[in-house]
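Please keep the viewer open while you read.

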Amino acid sequence: MQVIRSPKVYDVVVVGSGAGGGIAAKVLTEAGAEVCMLEAGPVWDQARDGKMLGWPYESPRRGAATERPFGEFDAAWGGWELAGEPYTSAPGSQFDWFRARMLGGRTNHWGRISLRWGPDDFRRASLDGLGDDWPITYDDIKPYYDKLDEFVGIFGTNHAAQTGLHNEPDGKFQPPPLPRAYELYFKQAADRLKIACVPSRLSILTRPLNGRAACHYCAQCGRGCTTHSNFQSPTVLLPPAMKTGKLTIVTDAMAREVLSNAEGRATGISYVDTRSGEERTVQGRIVVLAASACESARLLLNSKSARFPNGLANGSGVVGKYLTDSTGASLSGFIPKMVGMPNHNEDGTGGMHLYMPWWLNNVKDKLPFPRGYHIEPGGGRRMPGFGFMGGIDRHPGGSGGGYGKGLKDEYRRLWGATIGFAGRGEMVANKDTYMDIDPNVVDKWGIPVPRFHWKFGDAERLQAKHMMETFTALIEEMGGTVLGRIPGPEQDYGLAAGGRIIHEAGVVRMGNDPNTSALNKYCQAHEVKNLFVADAGPFVSQADKNLTWTIMALAWRTCEYVAEQRNALAI
Ligand SMILES: Cc1cc2nc3c(=O)[nH]c(=O)nc-3n(C[C@H](O)[C@H](O)[C@H](O)COP(=O)(O)OP(=O)(O)OC[C@H]3O[C@@H](n4cnc5c(N)ncnc54)[C@H](O)[C@@H]3O)c2cc1C
């Protein structure tokens, strides 16, 4: 095989350009390092490729999903299935692996729900005896959450004192947008049921920041943001890194393995140029993996040598273990009181303006499961997408469809009278849930692919049951009825399959003991001192909150450490 070697030796090679990789590029270049970023996908140019203001009728398919699972206009080149890039699940297991293949990764189209984790989330084992504590505390990561709040921008409110929820720490927020009518309505129900309901925390600007405009409320955040008002790595993190003149971005570059030498140091990355199929290498004094948790674990497991026969940095055997995703279940309801609402101002962002953080105490409230979940409500009269109201005939208040003027009047009457609640909760890592490398399957570049092993426990099922009970109570408290059948035990109470919530984490975990963790408290490989991981791979546990704000805060902390230690590490 002919390999094209780049003669230049960079200070740092970063793999991946999403949430973690974008932070790495910004922090390291601003600290003076020459960085080469490898990205498997092509350039996504928001102005050229984005469809922020497109109407569904501008598409021959009315915007329906094609190969993009969230619709044709969604800013995702990627999905759970990628042509030529398979993965496998062990018999009896199901794990669906979502990957974006584009500059900026999944940050181009994610939900921007940016929840700062609390002190308890880093020490759950001390509190309930399950899993492990992190080797860092909330105080270690707090300054980086603050930096993110201030640099990236986030709206929300400080509500810890008002709600008494000590694990919902304060941050540095821009003012939140006002709640919309349906949000005020479910808040009343939540208040009566004593469920905390507070302004959301989304990384969308409501005030101009660092040359970026405030949101103009087109509510199409999933299509990427042409005014750069919401957070995407290519519009927020990569521009300052490019401005330093120290960032080289190589797109269409699929990393195959981390190269290392006989002394046990990483020396660079071998990758495939996906346009030409050429095998190339790039050299670096330090390597930072931010290819997303399972891809970083895959790279390490595929980087075998005489010195590292189980894969790089895997002397402990933990790489690939402790895989988790958030738990997820949802239910929607029909609310007769919201039928035939007069037209009114529904201005707002593409996400929820109010949400419900975890409000209970497992011990005091005698819950039959550990850990918790938050609730993401959805509803209102946003721009209809493809298939919207396709289920009109199922509405208890509907007349069963029709055509012509009658059907249009029916749509107007019922539009906005449904509400949905989605729970996102904490899964506890278990020994049956992990990934390894499938010995028999390779992708189109000949790179061995991951094989997933997945099992939920009763803890997750009972959490989903509780979600169903809570959502039903909320819908009924609003005077509504549940749409469809409430899933029972035979359907795991609607618990989404592993990977469906797209919060995979934990497969290159950090810890103080090199026998039970791959990375130390700076996300530095115990066995390879110039190798770091800056995605959700290092996570020791999940939380009842989404994880990306923590990926970014941790990556910032890791890369500040890399920058401080650069000279010592690069010897
Ligand atoms: C529809 C959707 C909604 C979401 N909503 C939320 C939300 O509201 N809140 C939240 O906290 N999280 C949310 N998430 C999850 C969030 O997007 C991820 O947690 C986050 O993007 C992970 O960051 P990352 O840098 O690890 O990976 P990514 O953002 O996926 O970036 C990884 C990059 O690495 C590249 N790459 C992969 N393999 C290789 C390789 N071998 N060589 C070179 N490059 C490679 C990929 O192409 C990609 O560009 C959502 C995700 C999706 C898909």
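1. Ground rules. This is a predicted model, so local features need pLDDT of at least 70, side-chain atom pairs count only at pLDDT 80 or more, and totals for chains, interfaces and linings use all residues. Residues are numbered from 1 along each chain as its sequence is written, and side-chain values use heavy atoms, with hydrogens and water left out.

2. Ligand shell. The ligand is surrounded by 35 residues; a residue counts as near if one of its heavy atoms lies within 4 Å. E39, R106, G111, A255 and T548 are the closest. By class, the shell holds 18 nonpolar, 11 polar and six charged residues. Here Ala, Val, Leu, Ile, Met, Phe, Trp, Tyr, Cys and Pro are nonpolar, Asp, Glu, Lys and Arg are charged, and the others, Gly among them, are polar.

3. A polar backbone atom of A19 is 3.0 Å from a ligand oxygen. R112 places a backbone N or O atom 3.4 Å from an oxygen of the ligand. N546 uses its side chain: a polar atom there lies 3.2 Å from a ligand nitrogen.

4. Cover. On its own the ligand has 990 Å² of accessible area, and the protein covers 95% of this. The areas come from the Shrake-Rupley method with a 1.4 Å probe. Two or more shell residues come from each of α1 (19–30), β8 (253–260) and α11 (548–569). β8 gives the largest share, three residues. Helices (H or I, at least four residues) and strands (E, at least two) are DSSP runs, numbered from the N terminus.

5. Three-stranded sheet. This sheet is open, with order β4-β16-β15 and mixed pairing. Strands pair if DSSP finds at least two bridges between them. β4 (88–89) and β15 (434–442) are the edges, each pairing on one side only. β4 runs parallel to β16 (residues 448–453) over two bridges. Across that pair, T88 is the bridge partner of R451, and S89 that of F452.

6. Hairpin. β15 and β16 run antiparallel, joined by five bridges. V442 stands opposite P448. Five residues separate the two strands, and in the turn G446 has a positive phi of about 80°.

7. Helix on the sheet. Which helix lies across β15 and β16? α8 (residues 293–302) does, at about 60° to β15. Axes are lines fitted to C-alpha atoms, for helices over the stretch in contact (heavy atoms within 4.5 Å). Angles run from 0 to 180 degrees between N-to-C directions.

8. Four-stranded sheet. The order is β13-β14-β11-β17, open and antiparallel. Its edge strands are β13 (373–379) and β17 (481–482). Two bridges pair β11 (residues 327–334) with β17 in the antiparallel sense. One partner pair is F334 and T481.

Note on methods. Polar contact = N/O pair within 3.5 Å; in protein donor to acceptor, adjacent residues only side chain to side chain.
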